[in-house]
Amino acid sequence: MSLAFPSTVTSVLASIPSPPVSYFDLGPVRIHFYALCIIAGIIAATILTNHRLTKRGAEPWVVIDISILAVPLAIIGARIFHVLTHPNFYFGEGRNTWNPFEPGSVWAIWEGGIAIFGALIGGAIGAYLGCRWTGIRFWTFADALAPGLLLAQAMGRFGNWFNHELFGLPTDLPWGLEIESTNSAFPAGLPEGTLFHPTFLYEVIWNGLGVLVLLWLGRKLFFQWGRLFAIYLIWYSAGRIVWESIRIDPSEIILGLRSNVWAAIIGVVVGLVILVVQTRRHPGLEPSPYQPGREKVDADADVQSQNNPSDFVDVSEPPTEEVTAGATATSTASTSEDGSR
């Protein structure tokens with residue numbers, strides 16, 4: 001894909017500098033700020049989702065049980081999606097595809113390379129399995145997760161800033177991002193000092209606004225049964241179509257559009273389908289955050305179920321025993337004054 005860059009970049013009033021460092025060493029371990037941003041986002045999303053799910057009546061911190069499956073599968077899905085949409089990075093002559101002990105393999109996630117749309121697919125599979133395991137309704141969990149997921153994505157984008165990556169076209173706007181000319185992603189032929197659109201910041205702002213919108217909509221009873229998650233898909237994907245269209249990092253081009261633009265378009269379509277289908281299938285309110293028969297049990301309750309006959313004592317009169325002829329009576333029942341018993 002050819003890009004038309006301005007031959008000169010006019011002076012600007014201000015700019016956004018890129019951080020001077022992207023990691024620090026803790027003994028023999030190197031800690032990348034990108035990883036810390038992602039971890040912080042996961043923690044924030046977990047806390048917010050727990051709060052929202054608990055308000056719906058779910059057991060506190062059941063979100064942890066679901067996350068045990070959802071988070072690892074989200075990371076795996078993110079890596080697979082990145083590899084499949086950047087095949088020239090990993091496959092072909094001279095590429096180290098499968099050896100994890102050499103740089104550039106498909107396994108080397110520590111070298112960078114994850115895709116949010118792959119994370120959504122893998123995370124959705126993990127969340128579905130986790131909900132089956134815990135008894136939580138999948139769509140209830142998805143609605144509770146939606147604002148936290150968007151918050152996590154906003155926080156994770158700061159990792160791109162620390163890594164000096166995924167910036168947009170050159171710009172002379174006052175908020176242009178400074179990128180060193182020695183950066184491997186710096187376009188050839190541009191003068192040193194050229195500024196670029198800070199697409200990470202655009203997405204942070206868009207996602208942050210989306211969190212507020214989702215929290216507001218989540219207070220309305222209509223946005224149950226996965227409908228709030230549908231709004232999340234539409235909101236996030238619509239913004240991603242714009243940011244992806246001005247990014248200049250390498251990407252597979254399909255029918256003139258970047259692969260992630262197509263993924264975002266699909267995200268909008270899926271969100272609309274969920275919104276329409278769930279509105280028709282479930283016009284009423286969710287009866288419980290739990291699947292039928294999987295409701296939460298209060299361990300401190302004296303009686304766990306009013307419908308279980310074993311919870312009650314049979315106080316009815318026992319049947320009268322038959323007395324055989326000639327047997328000695330053992331009853332001490334009193335005799336009335338007229339001799340009747």
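Predicted model: local features only at pLDDT ≥ 70, side-chain atom pairs only at ≥ 80, totals over all residues.
Is Arg240 buried or exposed, judged by its relative accessibility? The points below work towards that residue and then around the rest of the chain.

1. The protein chain has 341 residues, and 40% of them are buried. Its secondary structure comes to nine helices and six strands. Among contacts with a separation of 6 or more, 71% join residues 24 or more positions apart. The accessible surface is about 20,200 Å², and carbon and sulfur atoms hold 65% of that area.

2. Arg240 and its partner. Arg240 is buried, at 4% relative accessibility. Its side chain forms a salt bridge with Glu244, with the closest N and O atoms 2.8 Å apart. Both residues sit in helix α8, four residues apart, which puts about one helical turn between them. Glu244 is buried too, with a relative accessible area of 0%.

3. A second bridge to Glu244. Arg258 also meets Glu244 in a salt bridge, at 3.0 Å from N to O. Arg258 belongs to strand β6 (residues 257–258) and Glu244 to helix α8, so this pair ties together parts that lie 14 residues apart in sequence. Arg258 has 5% relative accessibility and counts as buried.

4. Arg247 and Asp249 form another salt bridge, their closest N and O atoms 3.0 Å apart. Both of these residues are buried. A network of salt bridges links Arg240, Glu244, Arg247, Asp249 and Arg258. The structure has eight salt bridges by the rule applied here.

5. The largest nonpolar core. This core holds 23 residues, and Phe117, Leu214, Phe229 and Tyr232 touch the most other members. Helices α4, α5 (138–156), α7 (199–217), α8 (227–246) and α9 (259–281) each give two or more residues to the core. Helix α8 supplies the largest share, seven residues. Beyond its neighbours within four places in sequence, Phe229 is in contact with Trp139, Ala142, Asp143, Ala146 and Leu149. There is also a second, separate core of 12 residues, including Val63, Ala70, Ala127 and Ala144.

6. Aromatic pairs. The whole structure contains 19 aromatic pairs. Trp98 and Trp107 have ring centres 6.1 Å apart and planes at 50 degrees, so they count as tilted. Trp98 is exposed, at 56% relative accessibility. Trp107 is partly exposed, at 48%.

7. A stacked pair between helices. The rings of Trp206 and Trp235 have centres 4.2 Å apart and planes at 15 degrees, so this pair is stacked. Trp206 lies in α7 and Trp235 in α8, so the pair ties together parts 29 residues apart in sequence. Trp206 is partly exposed, at 25% relative accessibility. Trp235 is partly exposed as well, at 21%.

8. An aromatic cluster. Ring pairs join Phe24, Phe33, Phe158, Trp161, Phe162 and Phe200 into a cluster.

9. A nonpolar surface patch. Helix α1 gives the most, with four residues. Trp133 is placed in helix α4 (residues 116–134).

Note on methods: Residues numbered from 1 in each chain as written. Heavy atoms only, no water. Core = buried A, V, L, I, M, F, W, Y, C linked by side-chain atoms within 4.5 Å. Buried < 20%, exposed > 50% of the residue type's maximum accessible area, 1.4 Å probe, protein only. Contact = heavy atoms within 4.5 Å. Areas by Shrake-Rupley, 256 points an atom, 1.4 Å probe, with all protein chains shown as cover. Phe/Tyr/Trp six-rings, centres within 6.5 Å; stacked < 30°, edge-to-face > 60°. Salt bridge = Lys/Arg side-chain N within 4 Å of Asp/Glu carboxyl O.
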